[in-house]
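Subject: Structure handover and notes

Dear colleague,

I am passing on the structure below, together with notes on what came out of going through it. Please read the notes with the structure open beside them.

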Amino acid sequence: MHELGIVFYIIRDVKETALQNNVNHVSAVVMNIGEVSTVIPEYLTDCWRWAADKEEMLKGCELRINTIPAVTRCDTCGSEYDTVRYGKKCPHCGSDDTWLLCGNEVEIKEIEVT
Amino acid sequence: MLYQFTLKPMTDVKIIEIKKSVFADNDKDADALRSELKRRGVYLLNLMSAPGSGKTTTLIQTLNRIKDRIKVAVMEADIDSDVDAVKIKEATGIPSIQLHTGGMCHLDAEMTRQGLDNVSMDGVDLVILENVGNLVCPAEFDTGAVRNAMILSVPEGHDKPLKYPLMFTVCDLVIINKIDVMPYFDFDLEKCREYIHMRNPEARIIPICAKTGEGVDVLADWLVAEVQNWKQA
């Protein structure tokens, strides 16, 4: 359950941003979550509801999640492929000389304030 | 794919862009802690593993081999209870403090710092942090340690590096424990090495048996040399 720890980080960052912008209430937080970030979106939203409602500024604030597809790049043949489907080994040339291009994000994209 | 639209008057909502990794603050805290420990000459080792891999037994065996050579302290992190801290203190005489994460599955840099505030650091060369038994979350949170180590025990299988890639990517040292039962588990040590090096070509691998003591001297010597080299650098 690292989702709860992550939620505490999100709350801290969001509150800080809100205070800097003289905002009293945040209505939505938009997250970019990579497919292979090991964060489970459902757990994250569950933990969010529990923790955010304890904060005056975040009562009822919605957590929206954009899923970022995981893409791996192969340095041997230069192709890019779906990480979730093929993993570490390049499906085009069989090389292991590959690295994750994107899909590892756990990022606060933006907040909506009213 | 279904798209959901929420209709609102446009003037109602203002968007503030943040675009920041959730781990950014922790990474900053961890770097600050690392520099502070460097100034004080205290080497922090973050030891991770799955529950039941023999972390505490490995620690006891290792501590007994290094305690006359360098000054060590131990921090035990668990969700609850203090059985590990008590066991270590009894078996080695080394001061050990217990951190409770209060339900959280990992330690972050701030929790580590708070824990270190409770350790008497006078002349201490090495602090070993026994992280919560878990192969997923602790890998994500930099604690501020100089090095990350993990214990993989034989019954867990040689393919574990394939299943928990991040853990093996962040670890500088992989201790393979319980090698005495290797014949009973079809554990392929060479395959295991290959999989670990796929994740981290630089990883040092030390096979041991904490119960019989086999290989623990290698581990103890490695650790003492690590600490001494780091202090001189």
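In chain B, residues 24 or more positions apart account for 73% of the contacts with a separation of 6 or more, where a contact means heavy atoms within 4.5 Å. This is a predicted model, in which local features need pLDDT of at least 70 and side-chain atom pairs count only at pLDDT 80 or more, whereas totals for chains, interfaces and linings use all residues. Residues are numbered from 1 along each chain as its sequence is written, chains are lettered from A and ligands numbered from 1 in the order in which they are written, and side-chain values use heavy atoms, with hydrogens and water left out.

Chain B has 9 helices and 8 strands, these being DSSP runs numbered from the N terminus (H or I, at least four residues, for helices; E, at least two, for strands). The C-alpha trace of chain B spans about 70 × 45 × 35 Å along its principal axes, and 53% of its 233 residues count as buried, that is, under 20% relative accessible area, with exposed set at over 50% and partly exposed in between (1.4 Å probe, protein chains only).

At one end of the order, strand E7 (residues 173-177) of chain B is joined to E8(B) by 4 parallel bridges, and B:Ile175 stands opposite B:Ile206 in E8(B).

The contact involves B:Thr56, B:Leu59, B:Ile60, B:Leu63 and B:Asn64 of H2(B), and B:Asp84, B:Lys87, B:Ile88, B:Ala91 and B:Thr92 of H3(B).

B:Gly52 lies in the loop between strand E2 (43-49) and H2 of chain B, and at 61% relative accessibility B:Gly52 counts as exposed. Leaving aside neighbours within four places in sequence, B:Gly52 is in contact with B:Ser153 and B:Lys178. The C-alpha atoms of B:Gly52 and B:Gly133 are separated by 7.9 Å, although these residues are 81 residues apart along the chain.

Turning to chain A, 7 of the 8 residues of strand E6 (residues 106-113) are buried, so this strand is largely enclosed by the rest of the structure. Strand E1 (residues 26-34) of chain A is joined to E6(A) by 7 bridges and runs antiparallel to it, with A:Asn32 opposite A:Glu107. E6(A) also pairs with strand E1 (residues 14-21) of chain B, in the antiparallel sense over 6 bridges, and there A:Glu112 stands opposite B:Ile15.

The largest nonpolar core has 31 residues, of which A:Ile6, A:Ile10, A:Val26, A:Val29, A:Trp48 and A:Leu58 touch the most other members; such a core is a set of buried Ala, Val, Leu, Ile, Met, Phe, Trp, Tyr and Cys residues joined through side-chain atoms within 4.5 Å. Helix H1 (2-20), E1, helix H2 (41-52) and E6 of chain A, together with E1 of chain B, each supply at least two residues of this core, and the largest share, 7 residues, comes from H1(A). A second, separate core of 29 residues includes B:Ile60, B:Ile88, B:Leu126 and B:Leu173.

With best wishes

Note on methods. Two strands pair if DSSP finds at least two bridges between them.
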